Structures are given as structure tokens and as C-alpha cells.
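Please consult the sequence and the structure shown below.

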Amino acid sequence: EIKGVVVVRFAWVLISLWLCLNCCLVHGLSENVVEIDGNTGEILTSETVTTEDLPKPNRFDFKLIFQPQPQNEGDGAIVRRCVGGNLNYIDPLLLFDHFTVTPPAGFPPHPHRGFQTLTYMLDGAFAHKDSFGNEGIVHSGGAQWMNAAGGIVHSEAPATPGANDGLQLWINLPRAFKAATPQYKQLNQDEIPVLSKDSASIRVILGSTEGVSSPLNDMLQQAGNRELLFLDITLQPNSNYTHEIPSDQHLLIYIVSGSLLFENSVESQTATDSHCIFFESNQDSTASSRSSKFIFTQTLSSTARFLLFTAQPINEPMKRYGPFVFNYQSELNSWIDAYRQGKYGQLEE
């Protein structure tokens, strides 16, 4: 009888452990993260962000569509946040902001470590300056790429009067590349290649498509990126554009202007300007199809402009603490200490 009680109790322990593990995998792991003052290194605000350390196989199908609401960011900037808020992380995309900044608003000196940033201007101009001596102004249609890697301090500010409109992406780095020396590169409007296909004009900002490659690709490969693609697509009225996407890559679409119908073999959706649409990858190696064709259609009398981002997931643990993106909690204190000791360089406001 005693043995029977022991067996029953042991079985209940196993069941309880199984339930706890499944709960953690389903709901992710919560980390307390903060925003750090770029000048003093002091903690400004804190919030809880939920991340999932273990990747899960998913169907490559429609996941989420929403219109982010404007919110304040930095020193008076207004952003619409597709990724980095309620939609916390699309591996390896940490942040996707559509920002509007009017002087004297901007982003005073602040640190980054463990990821890359890409700023792409839709209208106006933006000035960049960092602690490694890089400086530049990017105008409408141009891009700035910065690999923060082992730590950098930079500032950003509008360079023309009135509203300056653009996109900023934060892209995670694989663990093996997080300690590398920071890099910076700027592309002017005429340096970003443009191609035409299916009544669409396509600007290739990152990656390669239809045999056309971005000038940033060499630097992306040096940073360990896998299969990144970022396109600015303008679609003519009453026309469509077809794009084939590997099923092991995530897909994010952001509509800048116009109305767009998009469909694949699973379903179709319609969205208008300022909407974000997320399709999740299929990481199941037994999947019968290794790619999916998406058809984008503009049926109205005006053009539609949208941004298309695809990426193969890194599939590593990810944790963020304000402007620091790392793999394991044990790394954080040394990263913050290095910043406060001035090891990321100095930058005067």
C-alpha cells in the first residue's frame, strides 16, 4: 500500500513538471527591461517584455494584421511601431518603426550593443553621428546602416525643417558576431538599385532579388546575417506583383500608402496605409513546400507603396535590456559596466 502511494505521488510530480514546462514554452519567458539615458547611463523607465527562447515550428501563413498607433519616442519624436511593442520580436527583427520627427525633436546620444540598425528615409533628411567618428546626412530615398556589434554611442536628428519621415529597423546579430567592431555605411538615393517587375518599381535596400543586389550585402554577410531582404515596392493602379518567399523565412509587410490585396495559397487579406502584416515562417524541415508565392494586387485608381521584409530566423535565445540585445542574462552586467566606463566611446550632444 505504501509503495502504491509513493508511485501515485511520483506520477503527480511528473505531471506537474510537464505542465510547468509546457506553460513556459507557450507563454515565453518574461524579462524586466529598461531604457537607459544616453548621457548619464541611468535607468529612465522599465517595462516587461516577453520573449520566447525556444523556436517553434509553425505553418507559413497569416499571423497578424494591425495598425500601430502613434506614440512618443526619444526627444519629441512620433513613431508607429510595428515590431518591438505588442508584437515584440520577429526573429531576427527587434524593431520596426515608422517615425516622424520635426526639429528640435530627435534622438540624443545613446548606446547600442548586440544588433544592427537601418534607417531608411521616406521624406526629409536625418543626420547621424557616432562615437567611432562616423557622420552623415541621409536624404529622402537614402539609407544608413549601423552595426552596433560590440558597443557604440550615436545620435540622430532631423536635418531639414518640418516633418522628417522614415523607417528604422533593429536587426539582431547572431551570438558569434555580437562582439565585433562596430561599422557604419550610408547609401544615397541613387546608390540603391531599382528594378521593374509586374508593373512594380522595386528598390532593393537589403538583400537580393531578381538578380539585383544591395550594396550593403557585403557588410551584412560580414555581420553573420542570413537571408535578409528589405524592399520598397511601388505598385501601379489595377496591377499585381508576385513575390516568392522561402517558407523558412518570416515575412513582414508595412503599407506606406494606398490599399493592397495580398494572397497566397492559404488565404487573402486586404489592408490600407500604416498597417503591418505578419506571416510566420515554417521551420519544419518535413514541410512539403519550401516556398510560398505571394500575389500583391492594387485594384484602386491610385498607386500603392509598401515595404517588404523577409528574414531567416537566427533561432538563438534573445533577451533585451533597453538598448542592449544579448543571449543570456549573465552577460548583461558586464555590457552595462563597459558602457558606463566609456568603452563604447564618447559622443558629445
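Just after helix H3, Gly342 adopts a positive phi of about 80 degrees. The model is predicted, with pLDDT of at least 70 needed for local features and 80 or more for side-chain atom pairs, while totals for chains, interfaces and linings use all residues. Residues are numbered from 1 along each chain, and side-chain values use heavy atoms, leaving out hydrogens and water.

Helix H3 spans residues 332–340, and its buried residues include Leu332, Trp335, Ile336, Ala338 and Tyr339; buried means under 20% relative accessible area with a 1.4 Å probe, protein chains only. These residues lie on the same side of H3, because they cover an arc of only 155 degrees around the axis, taken from the directions from the helix axis to the C-beta atoms.

Val204 belongs to strand S16 (residues 200–206); helices (H or I, at least four residues) and strands (E, at least two) are DSSP runs numbered from the N terminus. Val204 counts as buried because its relative accessibility is 0%. Phe230 stands 26 residues from Val204 in sequence, yet their C-alpha atoms are 6.6 Å apart.

The strands giving two or more residues to the lining of the largest cavity are as follows.

| Strand | Residues |
|---|---|
| S8 | 115–123 |
| S11 | 143–147 |
| S12 | 152–158 |

S11 provides the largest share of this lining, 3 residues.

How values were computed: Buried < 20%, exposed > 50% of the residue type's maximum accessible area, 1.4 Å probe, protein only.
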